[in-house]
Every structure is written in C-alpha cells, then in structure tokens.
Amino acid sequence: MNDNQDVIGQNVVSHDVVAGSHRLDGTTEQLTTYYGSWAATYDRDVHNVRYQGPHVITDLFASVVPRHLSGCGGLTALDAGCGTGLVGQLLDERSVTALDGIDLNHDMISLAAKTNAYRILASGVDLNLGLREIAEDTYDVTVCCGVFTPGHVRPAAVDGLIRVTRPDGLVLLSTRRRYLDETDFEQHLGTLVDDGRVSILECHADRPYTADEPAQYRILTVRK
Ligand SMILES: C[S@@+](CC[C@H](N)C(=O)[O-])C[C@H]1O[C@@H](n2cnc3c(N)ncnc32)[C@H](O)[C@@H]1O
C-alpha cells in the first residue's frame, strides 16, 4: 500500500467513527463507552473530517464577547462537553480569566487536562440532567460546541447551559444541521425565547462544521 492509500484508508476510518457517534441512542452508558474508546484518536479523526466547530465558535467568541461583556473585568467561562479541549486551546487567554470544562467522559477530560487551558475539569457530568452540580449563574459565558448533534444530548440540555450562566451573560452553541432536522430544538428554543428566558443575539446558519455538513451557531443572551 502506498502513502496515498494509507491516507485515504485513514480518512474512511475517521469518517466512519464520526458517523458512528451519530447513531448512538443518547444514553449515558452508550455515550460514555463510545467516547472512552474514541478518545485517543478523537483529535486525529475530527481533523480528518475537517471539523471546524471549535474554530468557528471561538472566532465568534472573540468578536462578540468583548463587545457585549466589556467592562466586566476577568470573565469566567464554561466549556460544556469540552471533550479533548479543542475549544479551550483556541480561546484567547486574554479574554477569559478562568475557563472550566465538563464532559461525560473521563478519557476525554484526561486529554483536555493535558492542554493546560482549563482551571477546573470534571467528568461524569451529564448535560441531559440539567447541570445541577453547578450553582446557578456561575459563568459569564458558556460555550457548547459539537454536542447538539445526533445521538448525543436532548434539546432540553440547553436549559442547563442557561441556568449556569448569569443574567446578561452569553451562551454560544453549535447545532449540526441534521440535529435541527431531526429534533424539536428550534421549537424548544422558541419557547425559551417566548418565556423571556433568553434572547437570540446572533444566529449564523450554514457555517462550516465538517466536510460533509454545515451547522448553525447561535449566541444567546441569558435573561432568566
Ligand atoms: C463531538 S465531541 C465535541 C467535543 C468538543 N466540544 C469539541 O468541539 O471537540 C462531543 C463531546 O460531548 C460529550 N458528551 C456527549 N454527550 C454528553 C452528555 N450527555 N453530557 C456531557 N457530555 C456529553 C462527549 O463525551 C464528547 O466529549
């Protein structure tokens, strides 16, 4: 086999493992097992499928957060579903004083710890259970990238992100296009807006995500 075939073979494997994660049933057990065996090659595989989520969301962070949360001094932020820490590594250290990360999976969190981008990291935290481990209004900004995707969290997981973010703080999240097609995420978010819990500051549709699918990126202002 020549080098070119090697690369093609590796890309097929990467595509398959990413696609496999979208066929999970969203239970804690399946997600924990899948990511536990994927953690070691996660960064390579998402690179091979040209995953852009962390780049797009941290660019949005850099353009929006200073404009909307200026004068607040040091910002505290949460990376929810931080995985191996791709988002944390790209966040500009000057704009965040303290970045914490949570994830369901211990192996992913162990890799995030090696980036030295995070103050506190915790595994075993399930976004589907409302983030009750974290006090209300703890963070100025919450980022959630690559998690509102098929087979992962339910739309109502956004409620926990809002709960742990302080009033007038921001929630930045990505939603893969197919997730929007297959769930009632937009309806759920519409109800939160109608109830005055959040407003939509920005919504960027069809922005780069992976080689085969775009995503929406939203920035929400927390109202409570
Ligand atoms: C596609 S990865 C994204 C990781 C990282 N944010 C990134 O952009 O590279 C999805 C991450 O969400 C985590 N995850 C999936 N379901 C979760 C849940 N219910 N609660 C917390 N984390 C979850 C997985 O363990 C995994 O680390």
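Which residues form one aromatic cluster here?

Mentor: Bearing in mind that this is a predicted model, the residues that form one aromatic cluster are Y34, Y35, W38 and Y42. The count of aromatic pairs comes to 9, and one of them joins Y35 to Y42 in a tilted arrangement, with 6.5 Å from centre to centre and 50 degrees between the planes. Both of these tyrosines, Y35 and Y42, are buried.

Another pair, made by Y51 and Y209, is edge-to-face, its ring centres being 5.3 Å apart and its planes set at 85 degrees. This pair links distant parts of the chain, since Y51 lies in the loop between α2 (28–48) and α3 (53–68), whereas Y209 belongs to strand β6 (residues 198–210), 158 residues apart.

Even so, α3 carries a kink of about 25 degrees at A62, shortly before the proline P66. The buried residues of α3 are G53, P54, V56, I57, T58, L60, F61, V64 and V65, and what covers them includes α4 (86–90), β4, β5, β6 and β7.

One of those buried residues, F61, is also listed with V141, L170 and L172 as having the most contacts inside the largest nonpolar core, which has 39 residues. At least two residues of this core come from each of α1 (3–21), α2, α3, α5 (106–114), β4 (139–148), β5 (165–176) and β7 (213–222). Leaving aside residues up to four places away in sequence, L170 touches V64, V65, H68, L69, D140, V141, T142, T165, L201, I219, L220 and T221; among these partners, V64 and V65 are buried residues of α3. Apart from this core there is a second, separate one of 27 residues, which includes L127, A157, Y179 and F185.

Conventions. Residues are numbered from 1 along each chain as its sequence is written. This is a predicted model: local features need pLDDT of at least 70, side-chain atom pairs count only at pLDDT 80 or more; totals for chains, interfaces and linings use all residues. Side-chain values use heavy atoms; hydrogens and water are left out. Rings of Phe, Tyr and Trp (its six-membered ring) pair if their centres lie within 6.5 Å; planes under 30 degrees apart count as stacked, over 60 as edge-to-face and the rest as tilted. Buried means under 20% relative accessible area, exposed over 50%, partly exposed in between (1.4 Å probe, protein chains only). Helices (H or I, at least four residues) and strands (E, at least two) are DSSP runs, numbered from the N terminus. A nonpolar core is a set of buried Ala, Val, Leu, Ile, Met, Phe, Trp, Tyr and Cys residues joined through side-chain atoms within 4.5 Å. Contact means heavy atoms within 4.5 Å. The bend at a residue is the angle between axes fitted to the seven residues ending there and the seven starting there.
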